[in-house]
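Here is a short exchange for someone meeting this structure for the first time. Each answer sets a value beside the definition that it has to meet.

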Amino acid sequence: IMRELCLVTGGAGFIGSHLVEALLAAGHPVRVLDDLSTGRASNLAHMSPAPELIRGSVTDPVVVERAVKGVGVVFHLAAVASVARSLEDPLHCHGVCATGTLNVLDAARKHGVRRIVYAASSSAYGPASDPAGQDEDTPLQPLSPYAAAKLAGEHYLASFAASYGTETVRLRFFNIFGPRQRADSPYSGVIAIFTGMMSEGRAPAIHGDGLQTRDFVYVTNAVQALIKAAHAKGVSGQVYNVGTGKSVTLLDLVAALNKTLGTHLTPTHGPARVGDVRYSLAKIARIRTALGYEPTVSFEEGISRTVEWYRSG
Ligand code: NAD
């Protein structure tokens with residue numbers, strides 16, 4: 001099990017490239033399937049040994065079959081990870097996120113893959129805004145085509161576990177951030193945007209009062225959850241939140257960036273955004289118990305590592 005071949009779809013992207021790095025460091029041979037639409041080959045270029053890169057789309061069943069051959073674990077991260085793009089082209093988003101996931105599952109089932117781990121999204125909870133947080137039983141309300149397509153993928157994972165005995169685990173990521181994240185990310189793009197503005201001495205622009213909260217998760221913690229989900233026993237068919245259990249306001253974020261950058265910038269406030277989720281916070285009791293997951297990199301440490309990366313780039 002330790003040295004089985006791992007396939008990372010979306011492995012040239014932000015979270016995927018960090019996962020590839022960790023798997024290689026643990027001695028796994030790694031194959032990446034990525035169409036490089038938002039991912040970059042350069043995200044993988046520094047790695048040694050190098051992962052095998054198949055440049056192709058999860059929407060192409062022939063390519064997907066080739067990619068899963070001989071694989072023990074599939075980490076399925078390929079997606080159109082953008083609410084804005086899903087609104088412009090919902091059919092494309094569905095093709096990649098929903099049909100693409102079905103392609104991966106069907107090929108994995110036929111080729112005897114041991115387990116599929118899926119990067120699901122907290123967007124499944126929609127406008128749920130309880131300041132006490134969301135657990136996995138919080139009612140699902142996918143409001144965007146992106147949230148709907150990612151959730152359709154989730155349902156296919158659950159159905160394959162039930163129908164074929166294929167081992168599947170779903171991880172609902174909250175707001176993951178860190179090096180290599182693009183500023184247009186719907187999740188933590190705000191960190192990339194504010195870091196950029198504040199590094200140039202410009203005041204960050206907040207929509208509303210800045211007291212809206214997010215559960216910002218440094219990417220190393222998400223990678224820990226992905227790898228634990230690949231190995232834990234008795235978890236097939238299950239879904240787990242991936243967060244820190246701590247909420248951070250946008251004003252806290254600005255303060256952390258001011259501290260790290262050594263700046264004293266006061267944010268400007270514009271009108272609140274329509275439909276903006278007020279309070280987002282992961283309850284993580286279930287993943288703690290089932291996977292032994294425990295976040296190791298704090299928000300502050302994550303911010304300082306991310307700022308360092310922006311400075312070096
Ligand atoms: P990303 O855009 O960096 O990663 C997505 C990767 O998938 C990219 O490398 C892209 O090139 C690739 N891809 C896109 N379409 C493809 C296709 N048709 N075939 C093959 N590859 C394709 O974004 P990310 O933030 O690293 O997201 C990774 C996964 O995590 C996604 O599934 C996303 O929905 C999920 N997620 C991310 C967050 C977050 O906070 N970043 C939160 C919840 C869920």
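Helices (H or I, at least four residues) and strands (E, at least two) are DSSP runs, numbered from the N terminus, and axes are lines fitted to C-alpha atoms, for helices over the stretch in contact, with angles from 0 to 180 degrees between N-to-C directions. The model is predicted, so local features need pLDDT of at least 70, side-chain atom pairs count only at pLDDT 80 or more, and totals for chains, interfaces and linings use all residues. Residues are numbered from 1 along each chain as its sequence is written, and side-chain values use heavy atoms, leaving out hydrogens and water.

Q: Why are α8 and α10 called oblique to each other?
A: The axes of α8 (residues 250-261) and α10 (residues 299-312) come within 10 Å and cross at roughly 55 degrees. Angles under 35 degrees count as roughly parallel, 65 to 115 as roughly perpendicular, over 145 as roughly antiparallel and the rest as oblique, and the two helices are therefore oblique.

Q: What makes the pair of F177 and F216 edge-to-face?
A: Rings of Phe, Tyr and Trp (its six-membered ring) pair if their centres lie within 6.5 Å, with planes under 30 degrees apart counted as stacked, over 60 as edge-to-face and the rest as tilted. The centres of F177 and F216 are 6.4 Å apart and their planes stand at 90 degrees, so the pair is edge-to-face.

Q: Why is the pair of F216 and F299 called stacked?
A: Their ring centres are 6.0 Å apart and their planes are at 25 degrees, so this pair is stacked.

Q: How do you know that F299 is buried?
A: Buried means under 20% relative accessible area, exposed over 50% and partly exposed in between (1.4 Å probe, protein chains only); F299 has 11%, so the residue is buried.
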